[in-house]
Amino acid sequence: MNNKTTKICCTLALLASVAATPAFSQTKNFQGAMIGLGGNQTAATTGTTISSSANSVTLKYDNGDYSTVPFVDASYSIPLSNNFLLRVGGKYDFSKSKSGSISTDVTAAVGTIALDTDVNGDADLTNDVNAGTIREQIKLNYNYKDHYSIYVAPTFVLNNNSAFFGKIGWHTQKGTLKYTETYTFADAADNDGTYTNTSASASKTFEGWGYGLGYIHSFGNAYVQLDAEFMDYDKKSFTSNNVTYSFKPESLSASISVGYKF
């Protein structure tokens with residue numbers, strides 16, 4: 001009787017342990033610390049407004065560019081059920097991303113522009129009798145660096161090797177804007193030359209939210225991850241020579257990375 005009781009107890013204990021063990025077994029390949037290296041293909045766009053308090057002129061630009069940027073991504077996953085985890089992590093880009101440039105080039109015909117010199121000896125647009133040509137060139141350049149983010153990624157495990165995740169993160173990056181406006185002129189009095197009317201440069205730190213989706217495939221302790229993310233940053237402004245520059249970046253990235261789960 002004692003032997004039978006012992007066997008029954010052992011059997012029940014074994015069944016209980018077997019029943020309890022697989023509760024989180026499907027998530028085991030995605031649990032714990034993970035670190036990966038990869039590359040982003042990023043499309044960045046910057047909306048810019050340039051307004052002058054001196055003449056009440058406002059110009060608006062939208063421009064963008066593409067960049068390939070390497071990154072490191074580290075995270076830690078906590079299982080919440082048999083097929084659901086919560087990942088928390090951080091990501092850092094190793095190089096700059098570009099957001100394009102704007103360049104305009106306009107030349108006025110001979111006889112339509114009058115040129116003179118001001119009290120400082122600089123070329124000036126006046127009603128002087130010396131009529132000539134003037135070429136206006138505007139250049140606006142952007143780039144971003146030191147981009148990093150912290151994120152939360154709810155992860156749904158499909159099977160032992162595959163999982164999908166959503167992502168929401170807080171992003172920061174340092175953006176630099178450079179603006180120059182140059183005039184090249186020639187008039188009837190041979191008062192030829194070039195001067196820079198406006199030149200400005202400033203760097204700002206931008207912050208904003210990112211939203212993404214992704215897929216991760218496990219090969220034991222190794223993994224491959226694919227994801228896409230949209231980042232929306234706040235607007236920043238600076239003023240130089242009575243001109244206010246406001247710029248607001250957005251970016252969309254697709255990335256692939258390979259990593260190791262500890």
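A charge is taken to sit over a ring if NZ of Lys or CZ of Arg is within 6 Å of the ring centre and within 35 degrees of the ring normal. The structure is a predicted model, in which local features need pLDDT of at least 70 and side-chain atom pairs count only at pLDDT 80 or more, whereas totals for chains, interfaces and linings use all residues. Residues are numbered from 1 along each chain as its sequence is written, and side-chain values use heavy atoms, with hydrogens and water left out.

Under the charge criterion, the charged end of Lys-236 lies over the ring of Phe-206 at 5.8 Å from its centre, and that of Arg-87 lies over the ring of Phe-165 at 5.3 Å from its centre.

Aromatic pairs were assigned to rings of Phe, Tyr and Trp (its six-membered ring) with centres within 6.5 Å, planes under 30 degrees apart counting as stacked, over 60 as edge-to-face and the rest as tilted. By this rule there are nine aromatic pairs. Phe-206 and Phe-247 make an edge-to-face pair, with 5.2 Å from centre to centre and 65 degrees between the planes. This pair links distant parts of the chain, since Phe-206 belongs to strand E8 (residues 193-219) and Phe-247 to strand E11 (residues 243-261), 41 residues apart; strands are DSSP runs of at least two residues, numbered from the N terminus. Both Phe-206 and Phe-247 are buried, where buried denotes under 20% relative accessible area, exposed over 50% and partly exposed in between (1.4 Å probe, protein chains only). The rings of Tyr-260 and Phe-262 are also edge-to-face, because their centres are 5.2 Å apart and their planes stand at 75 degrees. Tyr-260 is partly exposed at 40% relative accessibility, while Phe-262 is exposed at 60%. One aromatic cluster is formed by Tyr-142, Tyr-144, Phe-206, Phe-238, Tyr-245 and Phe-247.

Ala-228, located in strand E9 (residues 222-233), is partly exposed at 38% relative accessibility. Beyond its neighbours within four places in sequence, Ala-228 is in contact (heavy atoms within 4.5 Å) with Tyr-211, Gly-212, Leu-213, Ser-253 and Ala-254. The C-alpha atoms of Ala-228 and Gln-41 are separated by 9.5 Å, although these residues are 187 residues apart along the chain.

Key
Helix = DSSP H or I, 4+ residues; strand = E, 2+ residues; numbered from the N terminus.
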